[in-house]
Number of protein chains: 2
Amino acid sequence: MTAMTYDDFKKTFMLSVEDICRDICRDQQYSIKIKNEDVAVKNLVIIFNATLELSNRKGFQAMSLRDLSEKTELSLGALYAYFSSKEELLDIIMSQGWRIIDKALTRQIAGEKDIREMLRAAIKTHLYLSEMLQPWFFFSFMEAKNLPGEQIKKIIRSELFTEKIFADILQDGANKGVFSIRKNELMLTASLIKAILQDWYLKRWKYVRRGETIDEYARFAIGSIEKMVLSDARY
Amino acid sequence: MTAMTYDDFKKTFMLSVEDICRDICRDQQYSIKIKNEDVAVKNLVIIFNATLELSNRKGFQAMSLRDLSEKTELSLGALYAYFSSKEELLDIIMSQGWRIIDKALTRQIAGEKDIREMLRAAIKTHLYLSEMLQPWFFFSFMEAKNLPGEQIKKIIRSELFTEKIFADILQDGANKGVFSIRKNELMLTASLIKAILQDWYLKRWKYVRRGETIDEYARFAIGSIEKMVLSDARY
DNA sequence: GTCTATAGTGCGATAGAC
DNA sequence: GTCTATCGCACTATAGAC
């Protein structure tokens with residue numbers, strides 16, 4: 001587990017986007033009018049990718065359906081067979097991301113006994129997941145404030161949930177004497193870890209430009225975080 | 001210097017927004033039609049604050065001039081006496097932020113001799129500046145990708161410049177044996193410091209909700225960063 | 001200097017042919 | 001299932017009264 005790389009992660013957790021799109025097609029709550037599932041899935045994948053790319057370049061609001069029509073090579077009318085409004089498109093994309101995250105985390109077994117390994121595994125899982133879904137993570141961070149109230153609550157809950165995972169590991173480690181963290185700095189430390197993990201998908205352009213890989217970043221992040229939290233008795 | 005608090009910083013570097021607006025009024029490159037400077041400055045302050053507030057809630061693109069008109073209690077026609085287009089408004093707001101940052105950094109004397117104090121001063125200066133201009137920093141991060149090419153380049157240059165400041169301090173400290181940083185991890189460490197500083201203005205809602213102050217955050221950030229970079233010989 | 005009224009544009013969304 | 005053509009609306013921006 002310790003030596004898990006991004007490639008290992010992808011092999012284990014890779015969920016084909018097609019499968020997720022198939023789920024969405026069958027979901028009664030959306031109004032996808034296409035009956036032929038293969039056609040629907042194929043085009044949904046195209047639409048999602050195009051939406052993320054256009055939105056991440058100029059913002060979802062600023063992306064017109066005419067832009068999307070051009071990029072997907074589907075007419076305006078055809079697009080409306082896949083969603084009933086631009087807002088529903090946003091909704092489907094958000095739910096698609098949550099579905100993948102849920103599935104990935106469900107498959108992730110919290111089987112680590114050693115607290116230090118638990119922290120490492122949590123860091124890697126979060127980094128690798130955000131790498132796999134980088135456009136979606138970037139999108140949901142950037143568009144968060146424009147989203148309808150229900151979506152924004154989900155994002156905040158997710159932010160706090162992730163933080164809680166780290167806070168619990170830190171607390172556990174502190175109790176066992178493995179970590180040394182001031183009592184009133186527990187949440188701050190968890191936030192700081194989150195900030196480090198988030199930087200990878202928010203500033204990906206910078207890291208890619210320097211030729212840094214996700215595995216190098218994970219290694220560096222783990223090393224830095226351990227320097228902060230491991231008790232000095234480690235030597 | 002070490003014990004500088006946010007209040008000290010504000011007293012030393014506080015630049016009245018009014019003064020910056022006065023600068024902007026006199027700037028020939030903008031087409032502000034109001035001749036009475038006092039009226040112009042007063043309303044510009046109102047317009048800037050309203051724009052930042054509305055944009056940070058729902059995005060600049062999504063904010064209509066009707067929204068802005070309502071919030072500022074100025075009519076649509078009146079607004080156009082202060083800028084010639086929505087894009088120019090964006091331009092003026094960006095330039096207003098840069099002006100304040102330039103002035104603040106110019107006043108900041110890099111008088112520290114001790115390398116450890118230099119790192120602390122740099123961290124505090126960046127945190128305090130982003131606290132003073134939090135809505136602007138948040139705005140320019142969130143709207144960066146929607147901005148015209150010239151503005152986006154300026155933001156990227158600023159990101160890399162800040163990072164370079166930290167990289168130089170780290171390199172200097174490493175040469176002197178005060179810091180212990182692997183050679184190939186210098187830029188990663190600088191990026192990590194930036195990420196920690198950035199989290200304060202990006203997730204301000206979270207920290208404020210928990211009742212954490214900027215001074216506590218600064219203290220915690222300095223402690224954490226020093227744990228990562230100080231060589232073990234410090235004890 | 002600020003207002004109201006409106007011109008002109010491009011958007012999201014729909015209708016109906018194929 | 002996909003297309004073209006078009007409706008109605010809300011936006012940015014302007015004109016002209018006060």
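Between chain A and chain B the rule finds 10 salt bridges, each a side-chain nitrogen of Lys or Arg within 4 Å of a carboxyl oxygen of Asp or Glu. One of them joins the side chains of Glu185(A) and Arg219(B), with N to O at 3.9 Å. The residues of chain A that touch chain B divide into 18 nonpolar, 10 polar and 17 charged; here Ala, Val, Leu, Ile, Met, Phe, Trp, Tyr, Cys and Pro count as nonpolar, Asp, Glu, Lys and Arg as charged, and the others, Gly among them, as polar.

A word on conventions: this is a predicted model, in which local features need pLDDT of at least 70 and side-chain atom pairs count only at pLDDT 80 or more, while totals for chains, interfaces and linings use all residues. Residues are numbered from 1 along each chain as its sequence is written, chains are lettered from A and ligands numbered from 1 in written order, and side-chain values use heavy atoms, without hydrogens and water.

In all, 45 residues of chain A are in contact with 45 of chain B, contact being heavy atoms within 4.5 Å.

Now turn to DNA strand C, which 18 residues surround, each with a heavy atom within 4 Å of the strand. Arg66(A) instead places a side-chain N or O atom 3.0 Å from a base nitrogen.

Technical notes: A polar contact is a pair of N or O atoms within 3.5 Å; within protein, one must be able to donate a hydrogen and the other to accept it, and residues adjacent in sequence count only if both atoms are side-chain atoms.
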